[in-house]
Amino acid sequence: MAAAMASAGERAVLEEEFKWLLQEEVHAVLRQLQDILKEASHRFALPTSGSGGAVKQENFVLSTSGTDQVKGVLTLQGDALCQADVNLKMPRNNQLLHFAFREDKQWKLQQIQDARNHVNQAIYLLMNRDVNYQFKTGLEVLKLMDAVMLQLSRARNRLTTPATLTLPEIASSGLTKMFSPALPPDILVNFYINLNKLCLTVYQLHMLQPSTTKNFKPAGGSVLHNPGAMFEFGSQRYEVSHVHKVESVVPWLNDALVFFTVSLQLCQQLKDKISVFSSYWNYRPY
């Protein structure tokens with residue numbers, strides 16, 4: 001009898017603790033998440049709706065250790081490259097080629113735009129309740145955390161996982177028409193975000209003669225293609241002869257990634273606290 005009463009007493013304590021968790025701690029965590037994610041959203045350097053104001057331009061010098069074949073300066077404005085100035089030293093004859101964006105062109109970095117959209121969706125999920133709203137079940141909180149974590153994971157993945165492209169996709173990209181003077185047919189370029197870095201890859205191509213005895217095997221999709229990769233574009237076959245990758249760290253992207261990690265940890269900690277209550281005496285606060 002005493003054991004049963006003790007069990008009932010312990011259950012009552014658990015129920016009080018869980019009630020406090022739903023009414024107090026959950027809201028404190030949600031406010032903390034909102035503050036962190038608003039800071040993350042601000043790092044994308046875009047004006048919020050209705051705030052107006054121009055987005056600042058930032059210049060980034062592209063470089064890599066061990067080579068000076070490619071040098072350049074990129075100007076990033078929010079989620080768009082509004083200027084690019086690139087010098088390429090051709091390895092065969094050391095000829096220096098210079099390319100810059102046309103004045104009427106800018107290149108949208110879809111990765112940044114998508115990541116920002118996912119962050120804003122996470123903020124919307126966190127704020128989409130009246131200030132006096134009370135959560136009634138643990139399951140309700142778990143579903144909210146799962147939805148927020150999904151958006152944050154997608155935001156992080158857009159920055160950490162560049163798109164895999166085939167060489168014909170790069171060749172037919174609108175990026176090839178951005179430059180003045182126009183890119184020669186044996187040069188391909190690709191811009192993308194990788195983690196906290198803004199990257200430029202330059203591919204120098206060798207035209208394969210129709211009579212070549214080399215086995216032709218088209219390359220599939222990849223973030224970075226290696227020398228020797230082959231592809232067909234139009235009626236001409238090409239082989240990649242040289243690959244040059246240069247990059248520059250974007251500090252605010254690093255900040256955003258840290259905010260994503262901290263927010264995901266907070267979400268998981270709150271889920272874990274709620275799940276703890278289900279481990280006692282088959283107590284299910286759902």
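Predicted model: local features only at pLDDT ≥ 70, side-chain atom pairs only at ≥ 80, totals over all residues.

I begin with a contact between two helices. Gln110, Gln111, Ile112, Asp114, Ala115, His118, Val119, Gln121, Ala122, Leu125 and Leu126 on the α2 side meet Leu144, Met145, Ala147, Val148, Gln151, Leu152, Arg154, Ala155, Arg158 and Leu159 on the α3 side. By class, the residues of this contact between α2 and α3 are 13 nonpolar, five polar and three charged.

The crossing in which α2 passes α3 is left-handed.

Helix α3 has a further partner, helix α5, which covers residues 251–276. The axes of α3 and α5 come within 9 Å, with a crossing angle of roughly 155 degrees. These two helices are therefore roughly antiparallel as well, and the crossing of α3 and α5 is left-handed. The contact of α3 with α5 contains 15 nonpolar, six polar and three charged residues.

I turn now to the aromatic residues. How many aromatic pairs does a search of the whole structure find? The number is six. One of them joins Phe99 and Phe179: the ring centres are 6.4 Å apart and the planes stand at 80 degrees, so this pair is edge-to-face. Phe99 belongs to strand β4, residues 96–101, and Phe179 to strand β6, residues 179–180, so the pair ties together parts that are 80 residues apart in sequence.

Are these two residues buried or exposed? Buried means under 20% relative accessible area. Phe99 has a relative accessibility of 6% and therefore counts as buried; Phe179, at 5%, is buried too.

A second pair consists of Phe231 and Tyr238. Here the ring centres are 5.3 Å apart and the planes are at 20 degrees, so the pair is stacked. Both Phe231 and Tyr238 are buried.

Next, two features of the backbone. The peptide bond that runs from Ser180 to Pro181 is cis, with omega near -5 degrees. Pro181 is found in the loop between β6 and β7, the latter being residues 187–194. The other feature concerns Leu195, which has a positive phi of about 60 degrees although this residue is not a glycine. Leu195 sits in the loop between β7 and β8, where β8 is residues 197–208. With 43% relative accessibility, Leu195 counts as partly exposed.

Which residues does Val73 touch, not counting residues up to four places away in sequence? They are Asn59, Phe60, Val61, Gln83, Ala84 and Asp85. Finally, Val73 and Ala100 are 27 residues apart along the chain, and their C-alpha atoms are separated by 9.6 Å.

Definitions and conventions: Residues numbered from 1 in each chain as written. Heavy atoms only, no water. Left-handed = near helix turned anticlockwise from the far one by under 90°. Helix = DSSP H or I, 4+ residues; strand = E, 2+ residues; numbered from the N terminus. Contact = heavy atoms within 4.5 Å. Nonpolar A, V, L, I, M, F, W, Y, C, P; charged D, E, K, R; others polar. Phe/Tyr/Trp six-rings, centres within 6.5 Å; stacked < 30°, edge-to-face > 60°. Buried < 20%, exposed > 50% of the residue type's maximum accessible area, 1.4 Å probe, protein only. Axes fitted to C-alpha atoms, helices over the stretch in contact; angles between N-to-C directions. Parallel < 35°, antiparallel > 145°, perpendicular 65-115°, else oblique.
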